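Reader: Could you walk me through the surface and the pockets of this model?
Author: Gladly, let us take a look together.

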Amino acid sequence: MQGSVKDEKKFNKLIAVVSVIIPIVVAILFGVKLPNVEPLSFLPPIYAAINGITAVLLLVAVWAIKKGNQKLHQNLMTTNIVLSLLFLIMYIAYHMTSDSTSYGGEGAIKYVYYFILITHIVLSIALIPLVLRTYAMAYLKKFEDHRALAKYTFPIWLYVAVTGVVVYLMISPYYAY
């Protein structure tokens, strides 16, 4: 049975609140440095790997649903949401214990890096309500709405996951391990 209009309205309110709170909390915590704590400098390659795994699992999830395997698709998408939360926790933890790293490349590559970084950040913020709404539509069994929204959510999520890896690879030579 499809979810009710009342259920959808509740999800929409929750999604709106979460979509505003997460970027604000991340921005605030990004500026907080924990005193007397060892830098968690081992985290960037781990959360970059999480981005890579997410990209692969997104592709497998699309393949699964095209093959009619709804359960595998659902499990993979739930896993991707969990991985995204793990990424966010590690990202915040790293930045609360470590100084920011400046990109050291010069010339045109510097502009490429900043273009990728800025689009990655902006789209990752926009992705929050998209992922939550797409997931809610599936949960409410509104599969036509889910599919329609997923056509936008999937490529943006894939771009964010892949560019997360690219940003890490481009800045990793400049980390002060």
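Reader: Is Val32 buried, partly exposed or exposed?
Author: Val32 lies in the loop between α1 (5-30) and α2 (43-66), with helices taken as DSSP runs (H or I, at least four residues) numbered from the N terminus. Buried means under 20% relative accessible area and exposed over 50%, with partly exposed in between (1.4 Å probe, protein chains only). Because its relative accessible area is 30%, Val32 is partly exposed.

Reader: What should I keep in mind about the source?
Author: This is a predicted model, where local features need pLDDT of at least 70, side-chain atom pairs count only at pLDDT 80 or more, and totals for chains, interfaces and linings use all residues. Residues are numbered from 1 along each chain as its sequence is written, and side-chain values use heavy atoms, leaving out hydrogens and water.

Reader: Which helix gives the most to the lining of the largest pocket?
Author: A pocket here is an open set of points on a 1 Å grid over the protein atoms alone, where a 1.4 Å probe fits, with protein on both sides within 12 Å along at least five of seven lines; lining residues have an atom within 4 Å of a point. α1, α2, α3 (70-97), α4 (108-139) and α5 (143-171) each supply at least two lining residues of the largest pocket. With 12 residues, the most comes from α4.

Reader: And which helix gives the most to the lining of the second largest pocket?
Author: Among the 23 residues lining the second largest pocket, the closest to its centre are Ile65, His73, Met77, Ala138 and His146. At least two lining residues come from each of α2, α3, α4 and α5. The most, 8 residues, comes from α5.
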